[in-house]
Each structure stands twice: as structure tokens, then as C-alpha cells.
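I opened this entry to look up how the ligand is held and what surrounds it. The notes follow in the order in which I checked things.

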Amino acid sequence: MHNVVFVLGPPGSGKGTICAKIQENLNYVHLSAGDLLRAERQREGSEFGALIESHIRNGSIVPVEITCSLLENAMKASGDAKGFLVDGFPRNEDNLQGWNKQMNGKAFIQFVLFLSCPVPICIERCLNRGQGRTDDNEESLKKRVETYNQQTFPIIEHFKKSELAREVKSERPVDEVYADVVNVFNEANKQK
Ligand SMILES: Nc1ncnc2c1ncn2[C@@H]1O[C@H](COP(=O)(O)OP(=O)(O)O)[C@@H](O)[C@H]1O
Ligand SMILES: Nc1ccn([C@H]2C[C@H](O)[C@@H](COP(=O)(O)OP(=O)(O)O)O2)c(=O)n1
Ligand SMILES: [Mg+2]
């Protein structure tokens, strides 16, 4: 049974940055759904490359069958760990239902880390991210924020209702955000 922490928040809220630090210090393995999709997009012979690229540019969400299989394969391929940080997933109802169907009995959701950050700060961060991504531009970001507000935030609300969500405000400096995130993990691991 894989132990999973979902990491959600608007684009640019710091999910990847914080997950990398947690992975380094707390023995969780960081799996970014976006990174896995970008790798699949590039994979020689992938039948999904063009589909993934169009969703990424358009700020829309790739069908869960693709994303969830990439995540499950990555978990299977990973060595033993305290758990998996599933970064940027589930991003909509299709993701959530697809996860429940595919991962039923195979994964336990320990909690959901929600990084909340004002959108203007998030947009600024993405425009300055400097990773050469095809979706860090004004046009794509406008659509990604719309997707987040209309499709992802309801998923966060769902996890809040089931008392699984742990919110950390992430407009502050990284170290301050990370210190609060560590406290969330310590608290959650104390309860196990
Ligand atoms: N707390 C923070 N303060 C300032 N910049 C940040 C902070 N967290 C992340 N960043 C920067 O903002 C950009 C987006 O961060 P990233 O972790 O990629 O966010 P996400 O994965 O949520 O899109 C990166 O360039 C990162 O270095
Ligand atoms: N569950 C997911 C996660 C990402 N994607 C696609 C659509 C997203 O806009 C892009 C980029 O996701 P990613 O998490 O890397 O983006 P941010 O780190 O939040 O800026 O990938 C998806 O279709 N389904
Ligand atoms: Mg990211």
C-alpha cells in the first residue's frame, strides 16, 4: 500500500520547490505529475506526445488514464520510502475519480498539502521561472489559472470537507513556508 501525500495549489505556488526540499530531508519520494507528463511527451514512440503538449499549452488537464498510469508506474519503480509526494494531482474531478478507480486498495492518502498563494504572485513567479516551459507565458497562464479556479479548487474544497487538507500560505519566503510544511509532516507522522 503506497502512502501518498497530494500536493496542490495554483501554478507558481511553490509545489515543486517545497516537494524537492521534503524529498531531500523527510524520506518522501517526489512525483510531479507535470514532470511525468513532460517526460512522456518527449518519450520516443509515445502515442500521447501531441495530446499532452496540446493540453499543457492550453492549460487544460490530460485524461486521468494517462497521468494516473504514469504515477502508478513511477511508484512501482521507486524503492522503499516513507511515502510519495504526488505533486499537481488530482487537478480535477476526472483525476480524482480515475485515481479512486485505479488506485483503490493500492494507495493510502495520508493528507493533502495545499499551498495557497495570491494569483498575481503565482503568475509573476511562473513568468520568471526560467525553465523554458511552453506554458509559462501570459496566454497559457491565463488558461491555467482559469482551470485551477474552476476545476482544481473544487477538489481542494472536497479534501477540506473530508478534513484531509492542510493549508500552508506560500507567498512568504521559501524557508518560512518550508518550516511550516515540516511541522505539518511531523504532526501527520506523529498521528500514524
Ligand atoms: N516561497 C517562494 N518565494 C519566492 N519564490 C518562490 C517560492 N516558492 C517557489 N518560488 C519560485 O517560484 C517559481 C515556481 O515555483 P514552483 O515550485 O515551480 O511552483 P509550482 O510547482 O507550484 O508551479 C520557481 O521559480 C521557484 O523558484
Ligand atoms: N494532474 C495533472 C498535472 C499536470 N497536468 C498538465 C497540465 C498542467 O497545466 C501542466 C503543468 O503541470 P505542473 O504541475 O508541472 O505545473 P505547475 O508546476 O503547477 O506550474 O501539466 C495535467 O494535465 N494533469
Ligand atoms: Mg510544479
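I count a polar contact as a pair of N or O atoms within 3.5 Å. The model is a predicted one.

Entry one, backbone contacts. I looked up which backbone atoms meet the oxygen atoms of ligand 1. A polar backbone atom of Gly14 is 3.0 Å from an oxygen atom of ligand 1. For Gly12, I read 2.8 Å between a polar backbone atom and a ligand 1 oxygen atom. Lys15 also has a backbone N or O atom 2.8 Å from an oxygen atom of ligand 1. On its own, ligand 1 has 560 Å² of accessible area, and the protein covers 74% of that.

Entry two, the shell. I found 14 residues around ligand 1, and those that come nearest are Gly12, Lys15, Thr17, Arg129 and Arg172. By class, I noted six polar, four nonpolar and four charged residues in this shell. Helix 1 (residues 15-26) gives the largest share of the shell, three residues.

Where does ligand 1 sit? I find ligand 1 in the largest pocket. The space in this pocket is about 820 Å³. Its lining has 41 residues, and Lys15, Arg91, Arg129, Arg133 and Arg144 are the closest to the pocket centre. Elements that give two or more residues to the lining include helix 1, strand 2 (28-32), helix 3 (49-58) and helix 7 (138-161). Which element gives the largest share of the lining? I noted helix 2, with five residues. The lining residues divide into 18 polar, twelve nonpolar and eleven charged.

Technical notes
Residues numbered from 1 in each chain as written. Chains lettered and ligands numbered in written order. Predicted model: local features only at pLDDT ≥ 70, side-chain atom pairs only at ≥ 80, totals over all residues. Heavy atoms only, no water. Near = heavy atom within 4 Å. Polar contact = N/O pair within 3.5 Å; in protein donor to acceptor, adjacent residues only side chain to side chain. Areas by Shrake-Rupley, 256 points an atom, 1.4 Å probe, with all protein chains shown as cover. 1 Å grid on protein atoms, 1.4 Å probe; cavity = no way out; pocket = protein on both sides within 12 Å on 5 of 7 lines; lining within 4 Å. Sits in = over half its atoms within 2 Å of the grid points. Helix = DSSP H or I, 4+ residues; strand = E, 2+ residues; numbered from the N terminus. Nonpolar A, V, L, I, M, F, W, Y, C, P; charged D, E, K, R; others polar. Points joined across faces, edges and corners; volume = space filled by probe spheres on them.
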